[in-house]
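Subject: Structure handover

Hello,

I am passing on the structure we spoke about. Please look it over, then read the notes below.

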Amino acid sequence: MSGAWGAILRQPVLAWRLQGTWGTWALLAGAVLGFCGFGIGMRDWRAGVVAAGVSLAALVVVWWFQLLGSAIRQNEPALACLIPHQRRRIVTVVAWAWLAGSLAIGIVLGVGLNHFGYALLAGAATLMYFAALQRLPTLALVPLAIIAVTKFVPLQPVAALVKTLGETAITAIGLLVLAILAPPLARLLFPRGGDAHIAWQRQFVDRAKALKAAQGIPGQEWTVWRGSTWPDRLYFAGLRRLSERAAIAPWRGGRADVLLMALGGSAHPGPALLGILAVTLLALASGGNLLAAMGLQGSVVQLCLLLLVMPLAAHIHAVTTAMQRFRAEQALLRLSPAAPASADFNRRFGSALLRRFAVVWLASTAGAALVGAIMIPGVQTQVAVGLTAALGLPMAACLVRDYASMRRLSAGTLVAVLAGIVALPLVLNGGMALWRTHAPWTLIGGLALLAVCVTYYRWRRMQSLPVAFPAGRLAND
Amino acid sequence: MNATNMTLVQADGLQKSFGRQPVLRGLDWQLRQGQVVGLLGRNGAGKSTLLECLLGLRETDGGSATLFGEPVMALSEAARARVGYVPQKAELFEWLTPVQMLDYFRALYPRWNDVLVHGLLTRWGFDGEAKIKPIGRLSGGERQRLSIIRALAHEPDLLVLDEPVASLDPVGRRDFLRELIGTVIERDTTVVFSTHILSDLERVALDVAFLHEGRIGLQGPLDELLESARRVTGTAAAVDVLRLQGEIRRERHADGTVSVLARLSDVEAAALDATPALRTEALNLEDLFVEVTK
């Protein structure tokens, strides 16, 4: 391999070593464990191969992102314009990697599923979709659009067509379409100089930086800076009201609510409230079609995840993100006379955070209860919504914490979050199976009361901790 | 107490470490009303940390600091209303427009000079579209100018600026310094600002303070320092017998000569000039910076 090609290929490997190699080893271990667990333990070789294939396919995707990111960085405007054949080499490497990755996914999934063609096509399309996402983030909505379309539009003719054509023809046609799409996508991802290239490179580097930071702290926006969008409207309305009121009315000091404005629009309940409203309206407008294919339990779990867990988790993530990110802003706010006195700061700030959380919790619970009552009426829906709402309440405790010493996200926290996500559907399914005739309101009330007690304890404890603003100043990392 | 002698900032034995790395080592410092001090120090000397500790934005490991006679960790509303601060980071409130940001801050302060803000916005290039553009889309210089406008708007008695002109072009720096001299200093405002741009310091700072090895190594009126600071070089035998009252540091060179950095009185300077074994050199601010922070 010549020096120039080798240099291009070496970069993602060096970056991988620098970032830590545990992800790759974990996926390889997952493949081995999956194969052993299903193939040997349960004596189902096909299931074992599929389980291993899923891990290996995920590994291919991880490395595809690694190579793609490195290639985009290496194609920076100066290098693309000044180094002879640099861009052509990069595009060639990425094209070969796409073919190899698609083939690898086709093999590792196709063997187990016995559909090499479909697996190959799915792999090629997925890798290309992820590549397109780098430049066109709005394509992230495509899966949602597909889900919505499949619920509203009858797909029997399409299914019949697929059946008629057969796997080989579908694969061939699909790959041909992807091959046609590949050159314009390559031009989009790997331009050669010009204002658009410089802007794209800056955007990509900023996003990569934010993403890198997101791995280390409790939360970080995925873009370094984003302009205001429609979900921020409620935030800006609140900010305008606050500014106008202060202009006409005498100034009053010590209000913690005004401090929260310095955390930006994403930490305001506005985006969560509008999101809940949008999902509620979409669910009601679809008249049940959206959930029809999933069965009762699947529908209820999805309802709880969409309308209860996600808004609460997103709100907490946004607040912790803003606390980490806007430290300089917090320093200015701490020095402003409107800030509560140091001795009272954490009490008032914690209360303001909890008030905001309560608004989001009430809205999400009301939304879930409404959609559930109209679309999936029944005791089991009440059980699931009640349990999720009660289990969602302790999340408020994450908001009343020692912000001054806020550290990097520990592996234990990550494991706990993942375990919670995995466990929730199990708990809900168990609850729905256990209480078919009546909802355990006493249990739900008890859980909620326990959550309130835990949050209250944390809020009281927060008052004896160092002042929250600026966050992270006492952390050693 | 005479207003001009009133101590606004008082630091006694300030200590601060990050992990095992000591940054402030028992630092003592005083700033009186109306004093304008340029804080100098090498990269990583702890200038930002010192300013943050003085404002109560960082806990110290030891010592104490007061602003307007109040402990910095428990400042009253009235004391906070008298402080203006420009942090080193200029990327602040990027999601707001300059108008939204300033309106927001007006809501946080009991006193706000709209006329001053309007005048500064107009003079510093915010009279057009820049006023309604998200701050995230402004240039680095524009953001820094905006940060300075925000800090000046409530007419603080103490203005703390952490590298305020780092992102400004020469025109922006000149405008800022003119504003600082014309408006702020005339109001008897106490100003402390850290900077690396020594030429600007020579234009504005009446006093300079050198932060070195966690302490204020040298402080004094800039003119006096430049007038009195000398580097005296000579053979070891000739220099070793020297006992200067204002000695700052002494250095032995590889060629066997020794040099002494000192603040000399007129009498001492005249005596040394008359000593043939010694060479006495006047220092400019840059030389002084290099010598003091070595």
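I start with one residue of chain B. Leaving aside residues up to four places away in sequence, B:Lys16 touches B:Val23, B:Leu24, B:Thr49, B:Cys53, B:Arg58, B:Thr60 and B:Asp61. Contact here means that the C-beta atoms of two residues, placed from the backbone, lie within 7 Å.

Before going further, the conventions. This is a predicted model, in which local features need pLDDT of at least 70 and side-chain atom pairs count only at pLDDT 80 or more, while totals for chains, interfaces and linings use all residues. Residues are numbered from 1 along each chain as its sequence is written, and chains are lettered from A and ligands numbered from 1 in the order in which they are written.

B:Lys16 belongs to strand 1 (residues 7–18) of chain B. Helices (H or I, at least four residues) and strands (E, at least two) are DSSP runs, numbered from the N terminus. B:Lys16 counts as buried because it has 22 C-beta neighbours inside 10 Å. The cut-offs are these: a residue is buried if 20 or more other C-beta atoms lie within 10 Å of its own, exposed if 12 or fewer, and partly exposed in between, with C-beta atoms placed from the backbone. From B:Lys16 to B:Glu129 there are 113 residues in sequence and 44 Å in space, C-alpha to C-alpha.

Chain B as a whole

Chain B has 294 residues, and 44% of them count as buried. Its secondary structure comprises 11 helices and 14 strands. Along the principal axes, the C-alpha atoms of chain B fill a box of roughly 70 × 40 × 40 Å. Of the contacts in chain B between residues at least 6 apart in sequence, 69% join residues at least 24 apart.

Where the two domains of chain B meet, seven residues of domain 1 are in contact with five residues of domain 2. On the domain 1 side, helix 7 (198–204) and strand 9 (207–212) of chain B each give two or more residues. That side divides into five nonpolar residues, one polar and one charged. In this scheme Ala, Val, Leu, Ile, Met, Phe, Trp, Tyr, Cys and Pro are nonpolar, Asp, Glu, Lys and Arg are charged, and the others, Gly among them, are polar.

Strands of chain B

Two strands are said to pair if DSSP finds at least two bridges between them. Strand 9 of chain B is mostly covered, with six of its six residues buried. B:Asp207, B:Ala209 and B:Leu211 point one way from strand 9, and B:Val208, B:Phe210 and B:His212 point the other way. Strand 3 (residues 36–40) of chain B pairs with strand 9 in the parallel sense over four bridges, and B:Val37 stands opposite B:Asp207. Strand 9 is also joined to strand 10 (residues 215–221) of chain B, by six bridges in the antiparallel sense. Here B:Ala209 has B:Gln219 as its bridge partner. Strands 9 and 10 of chain B form a hairpin with two residues between them, and B:Glu213 in the turn has a positive phi of about 50°.

Two antiparallel bridges link strand 4 (residues 62–67) of chain B to strand 5, where B:Thr66 is partnered with B:Pro71.

Further along, strand 11 (residues 229–235) of chain B pairs antiparallel with strand 13 (residues 257–263) over seven bridges. Strand 11 is also joined to strand 14 (residues 278–282) of chain B by five antiparallel bridges.

Chain A

In chain A the assignment gives domain 1 (3–214) and domain 2 (230–462), with C-alpha centres 34 Å apart. 30 residues of chain A are in contact with 28 residues of chain B. Helix 15 of chain A gives the most to the chain A side, with six residues. By class, that side has 18 nonpolar, nine polar and three charged residues.

Regards

Definitions and conventions:
Domain bounds come from an automatic or database domain assignment.
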